[in-house]
Amino acid sequence: MRFLILMLILIVDLEGDFMKKIVFMGTPLYSVPVLDMLNKNYDVVLVVTQPDKEVGRKRVLTPCPCKSYALEHGIDVFSPFKIKEEYERILSYEPDLIVTCAYGQIIPSEVIYAPLYDTINVHASLLPKYRGGAPIHRAIMNGDKETGVTIMYTDPGMDTGDIITSRSVPILDNDTYDIISSKLSVLGAELLSSVLPLVFSGEVNREVQGDDYSIARIIKREDEHIDFNMDSVLVHNKIRGLSSVPCAYANLDGKPVKIILSSLEGCLFTDKDYGTVTRTSKDGIFVSCKDKEIKITKIQVSGKKPVLVKDYLNGAGNIVGKRFE
């Protein structure tokens with residue numbers, strides 16, 4: 001009899017957590033695994049995303065990945081242009097918890113502290129390093145050897161809330177933004193899944209962030225331009241850190257060319273002017289940097305789709321001696 005009672009209590013507890021009402025706030029593909037985990041284990045009553053954006057040459061209005069997921073799974077969606085002015089709808093759902101993951105706007109205090117369990121953020125860095133909107137880009141561009149995910153409480157500052165837990169992953173020499181983003185999105189979902197029962201039971205620990213922090217500012221157009229008058233490692237780091245969103249670029253024959261993938265394998269030291277195409281191979285364009293060449297392996301010419309260099313060279317003719325500026 002006692003065993004049955006204990007089992008009933010356990011079932012009630014599990015159902016209690018399952019019925020916790022959660023509002024999720026996120027936008028890009030990176031956030032979808034976190035949303036998916038929450039949807040499978042809790043009652044996600046609302047998904048808040050950035051508004052639809054015009055995409056492609058035809059400027060087609062397109063929903064973000066999190067909105068698409070919500071619509072496919074029958075979850076209510078809210079996409080305010082300015083959440084500081086349009087947040088009453090979120091409060092009307094009376095959530096037990098709000099979870100944010102790369103949402104893209106500063107959330108007002110009226111929303112942060114409204115839920116019973118406050119608001120928790122899944123952040124793509126090892127805080128307090130890389131607070132801000134581009135932590136994955138900046139970690140790779142800076143040549144870091146590791147990054148990670150931090151689960152934290154949200155406060156009115158920019159990623160300044162108390163840390164609950166974090167976990168690291170290595171950044172390999174040829175890892176791109178897409179590769180690391182994919183790894184961290186899965187890790188974030190796993191880490192949050194392990195933390196939420198502690199949050200709901202009141203057993204979670206909170207660690208105040210230290211003062212030794214850095215800011216990962218949003219990528220601007222000027223950050224995307226490649227200066228080949230730098231060491232090849234730095235150029236390679238920029239290319240892979242911006243691949244494939246928003247992409248590094250340089251101008252060739254006066255037109256911008258997105259440089260999506262690169263490599264340092266087989267590159268030689270050269271005294272050619274920086275940015276000069278020193279040679280080509282069946283799968284690469286070799287360009288001089290401050291110290292030696294870098295090998296470009298995937299590009300996108302303006303108005304065209306991304307292609308491997310071997311396909312580009314089939315129609316480009318001889319480009320040896322030309323210069324990326």
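The structure is a predicted model, in which local features need pLDDT of at least 70 and side-chain atom pairs count only at pLDDT 80 or more, while totals for chains, interfaces and linings use all residues. Residues are numbered from 1 along each chain as its sequence is written, and side-chain values use heavy atoms, with hydrogens and water left out. Helices (H or I, at least four residues) and strands (E, at least two) are DSSP runs numbered from the N terminus, and two strands count as paired if DSSP finds at least two bridges between them. Buried stands for under 20% relative accessible area, exposed for over 50%, and partly exposed for values in between, with a 1.4 Å probe and protein chains only.

- Seven strands, in the order E5-E2-E1-E6-E7-E8-E9, make up an open sheet of 7 strands with mixed pairing.
- The edges are formed by strand E5 (77–78) and strand E9 (163–170), each of which has a single partner strand, so one side of each is left without a neighbour in the sheet.

**Pairings within the sheet**

- Strand E1 (residues 21–26) runs parallel to strand E6 (residues 97–101), and 5 bridges join them; Val 23 stands opposite Ile 98 of E6.
- Strand E7 (residues 119–123) pairs with E8 in the antiparallel sense over 4 bridges, and the bridge partner of Val 122 in E8 is Ile 151.
- E8 is also joined to E9 by 7 bridges, again with the two strands running antiparallel, and here Met 152 has Ile 163 in E9 as its bridge partner.
- Of the 8 residues of strand E8 (residues 146–153), 7 are buried, so this strand is largely enclosed by the rest of the structure.

**The loop between H9 and E10**

- Pro 246 is placed in the loop between H9 and E10, and the bond from Val 245 to Pro 246 is cis, with omega near 0 degrees.
- Cys 247, in the loop between H9 and E10, is a residue other than glycine with a positive phi, near 90 degrees, and Cys 247 is buried at a relative accessible area of 3%.

**The loop between E10 and E11**

- Asp 253 lies in the loop between E10 and strand E11 (255–263), where Asp 253 has a positive phi of about 55 degrees although it is not a glycine.
- Asp 253 is exposed, with a relative accessible area of 54%.
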